[in-house]
Structure formats: structure tokens, C-alpha cells
Amino acid sequence: MANWRIATATLRRHLRSPPPTISAAYRDPIRALYSANQLRSYSSALADDDDDDRRGKWLTLPPFSPTIDAAAVGKELSFDGDSVAKGSTTALRWILRCRPDLPRNLVQKLFRLRQVRREVPLSCDGDELQRSQLKRVAAKESLNVGDRIYLPLSVGNDAPPPAKKERFRCSEEERKFVCSLVLYKDPAIIVLNKPHGMAVQGGTGVKTSIDELAATCLTFDKSESPRLVHRLDRDCSGLLVLGRTQTAATLLHSIFREKTSGASAYGVKKNIKTLKRKYLALVIGCPRRQRGQISAPLRKVVVDDGKSDRITVDDNGELVSTQHAITEYRVVESSPHGYTWLELRPLTGRKHQLRVHCAEVLGTPILGDYKYGWQAHKTREPFVSSENTPTKPSSSSPFGLDMEGGDVSSKQPHLHLHSKQIDLPNIYQLLEKLHVSSDSDISDIDSLKFDAPLPTHMQLSFNLLKSRVETC
């Protein structure tokens, strides 16, 4: 009975007392658990960052700052569009720009292993404390101004030592010869008159090339070596443009690329205004029309059991490897002896485009083109003038180039294809404007026009044929 009375009194006191306050954590246990986890994650991140800083695990790159988007500028010059002078970049490109000594495949491996970090601001709700956190970043993720990229400190040990490429050693005579090829030079570009027989880029069986000679002889006051932005065949002569800085080279490459992409099998866009090229060629035979436009797609075929390849016209144009190619031509003058001077304007830049279009579409192969016009050369007889043959100047090259003969009177003439004229925007003026302000109007940029004199063998052929000229 006594125990029952005690229990009843205790229950009455409990009922008279105010109800206990239920905390928010108990009202919503899931939200409380989530908040706790967030707090632990935040604390862990800060601890990890502090620990990483103490151990010096990260290699810090300079903060990202917007640079001139040369590729976008080239596109804007070629086509009407909004200003895109300055732009962002991806994490991968920024790393390669800041650390050119790191191989691209090594940097891509770091991204695949998720070992690249970006510094991002981090703050707590209701707290004035603001810190930065290292967060994983993807290779193609765009950077904001001021972003810093962090790489594992061990990346310096993983990267192979940069290979010391020995520069081509030139004698004083060879250096003077290379410098004599320069037609124009400013802080952004160099324009050369490439001789017949000199390769533009190194490769199998190539002893010397413009690429390595430029790095040795044409740096002038720059620490960077001039960079190729387009190609000419080894046997083709004439104008070759080089970029003197990475930005100038990227811009020029974009201009040449946009010229090709702007021309299609359905026509040429009218607002392409930045690049004009004219070639002069001496062909065997005469086109049926005095002028016209060739729109014939090209593709590569393998011959000689895979030992070599050649370009040919693809009549179907349905293969994936087919590339559209457009050339405008005009008959300059013709000879009754079966030769014609043609002015060729390539609207696209495909390998061997002019040579294939002349040989397979017009049926008039270029003189000296034994790859695509060997049948015409088998039956060809050397031209013999009734007048006194001009004296062939004695000319030799320190690189073993055949600078003598090779004209229309030779049994084996050199290729008669010459890159004679190029019109380009003033790249140096353009870059100077954009460095001052990214909103600068670039529509009024001046043009630069270049004209390369004919090589010796083509000038001799011209002199031989000009005395008796008539339209065929």
C-alpha cells in the first residue's frame, strides 16, 4: 500500500510540471544527422588542407588570367560575329601552358587519376570564417580569373627530363642563305620565299628543313623559335609564313584553318576576308575554259603495297576520309608549243590539292609533277626555242639544292608551281590592339600583301615561252 501511494504521488508531480522542450534535433533527426555529417566533412576538408600544406604535397601553378583567344580572333576575322577577343581556358591547357616541360600524356594521366586540384572559396553559413578548399577539377573544366591549379609535388619526379634537342649547326654561308630568303619580318610574323627542293618540315629522308633552320637562323631578337602555320610541298617554291610567338602562330593557324572550313562543296561564304592566296603554275596542255572553279573532293589512297600513298579525286564523295577541295583558276597566257601559265587560287588547303586538280580535273598536269603527271611527261619533248636560249645563271646552294636548270627546256624540269601572292591581316597591329583592350574594333585592321619573285627555273621557262604567246 505504501509503495502504491509513493508511485501515485510521483505521477501527480510529473503531470503538474511543464512539458519538456523537444529539441530541433529530435524533431528532425535526419536533418540533424545530415548537418553533423556536413560539419564533419568540412572539418575533415580543412584538416586535410592544413595537413597537405604542412606536408607540402602540392605544386602550385600561377593564378589563371585571361589571355587573348587567338583561335577565336581568327574565327572572328574570317566571319561576321560577336567579339570573342579574350576568353577562358581549360585546366588541361593552363597546366600545359604553365608547365610546358610536362608531357601531355603525363598531365592527362593525373586527371584520370583525379590528382589535380583547383582552389575554390569555402565559407560556413552564419560564420564569418572563409577559407579555400582544394577541389578535384576535370581536364576540360573552364577556369575563372584567379583560379589556382595544384598538382602533386611528386609530378616533378615523374616527369622525364626535357630532351635537349641539338639545333642544326649552320655555317656562316648557310646562315646568310637562310636569311636571304626573308621577304618580311615584324615582331609577329616572318615571311619567306622558300626555294624549290627544300622541305618545310623534317621527316624520313629529310636532312634539312625550314622548321629547324628557322630555329637556328631566324630567331633574331626573340627567345622563341618561329613556328610553322601552313605547309608547302618540298618541290613547291614561294611564300611561307611563320609565326614568331605562340599567340601569333595560333592566330595565323586559325586564319588558315577557317579559310578551309569556310569553303564547302556548296559554295564559298562571301564574308571570308582575311586570307587570299595566288599560285602561278606552268601546265602541260591548255584547259578547255579560260577560267572556272574546281570543286572536287579528294581522298588518300595507298599504293605500292602500302609503301606509299597518293591523293586522288573521289567521284562519289561519300567516304569518311574524303575532304572537299575548291580551287579557282584562270588562264594567264598560253604557248602554241602546248604549255599554259595558270593562276590558281586555292579556297581550301588540302594536301596536293592544286597538283591533283590540275592533273585529274583539268587534264593539264603541272610541269615537273612526276607523281600526278607521269604519263604526260613520258611523251613530252624538251622545249627548243628558235631564238637564242637565255644564258642560265650559275647558282649554287650551300644545302645542296639544285638551283641550276630545271626549266622547260630540260629533260627533267623542276616542279613549276610557285606560291606567288598572299594577303594577310596585319597580325602585329591586331595583337597590339587586343593587348590594349579586348573590346577593340578589329574590323579596320590593315592588310599585308606579299609577292614573291619567281624561282630561277620558272623565270627561265617564262623567258623562253614569252616570245611566242597566243591564246589557245
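1. Buried here means under 20% relative accessible area, exposed means over 50%, and partly exposed lies in between, with a 1.4 Å probe and protein chains only. Helices (H or I, at least four residues) and strands (E, at least two) are DSSP runs, numbered from the N terminus.

2. The model is predicted: local features need pLDDT of at least 70, side-chain atom pairs count only at pLDDT 80 or more, and totals for chains, interfaces and linings use all residues. Residues are numbered from 1 along each chain as its sequence is written, and side-chain values use heavy atoms, with hydrogens and water left out. The pLDDT is the predictor's confidence in each residue, from 0 to 100.

3. Some overall values may be noted. The mean pLDDT of the protein is 79, and 69% of its residues reach 70 or more. A contact means heavy atoms within 4.5 Å.

4. The secondary structure comes to 14 helices and 20 strands. The protein has 472 residues, of which 42% count as buried. Among contacts between residues at least 6 apart in sequence, 68% join residues at least 24 apart.

5. Which strand pairs with β20? Strand β19 (residues 417-425) does, in the antiparallel sense and over 5 bridges. Two strands pair if DSSP finds at least two bridges between them. In this pairing, Pro425 stands opposite Ser447 of β20.

6. Leaving aside residues up to four places away in sequence, Lys449 touches Ile422 and Asp423. Lys449 and Asp423 are 26 residues apart in sequence, yet their C-alpha atoms are 4.5 Å apart in space.

7. Strand β18 (residues 339-346) is mostly covered, with 7 of its 8 residues buried. Which strands pair with β18? Strand β13 (residues 276-284) pairs with β18 in the antiparallel sense over 6 bridges, and strand β17 (residues 326-335) pairs with β18 in the antiparallel sense over 8 bridges. Tyr279 stands opposite Leu344 in β18, while Val331 has Leu342 of β18 as its bridge partner.

8. A hairpin is formed by β17 and β18, with 3 residues between them. Within the turn, Gly338 has a positive phi of about 95 degrees.

9. Positive phi values also occur in residues other than glycine. His352 has a phi near 55 degrees and is placed in the loop between β18 and α11 (353-361). Arg114 has a phi near 60 degrees and is found in the loop between α6 (104-112) and β4 (117-123). Are these two residues buried or exposed? His352 has a relative accessible area of 13%, so this residue is buried; Arg114 has a relative accessible area of 56%, so this residue is exposed.

10. How do helices α8 and α9 pack? Helix α8 (residues 172-180) and helix α9 (residues 210-217) pack at an angle of about 105 degrees, and their axes are 10 Å apart. Axes are lines fitted to C-alpha atoms, for helices over the stretch in contact, and angles run from 0 to 180 degrees between N-to-C directions. Helix α8 is therefore roughly perpendicular to α9; this term covers 65 to 115 degrees, while angles under 35 count as roughly parallel, over 145 as roughly antiparallel and the rest as oblique.

11. Arg175, Val178 and Cys179 of α8 make the contact with Leu213, Thr216 and Cys217 of α9. By class, this contact has 4 nonpolar, 1 polar and 1 charged residues. Ala, Val, Leu, Ile, Met, Phe, Trp, Tyr, Cys and Pro count as nonpolar, Asp, Glu, Lys and Arg as charged, and the others, Gly among them, as polar.

12. The last point concerns His457, which is placed in helix α14 (residues 456-465). With a relative accessible area of 4%, His457 is buried. Not counting residues up to four places away in sequence, His457 touches His196, Gly405, Gly406, Asp407, His414, Leu415 and His416.
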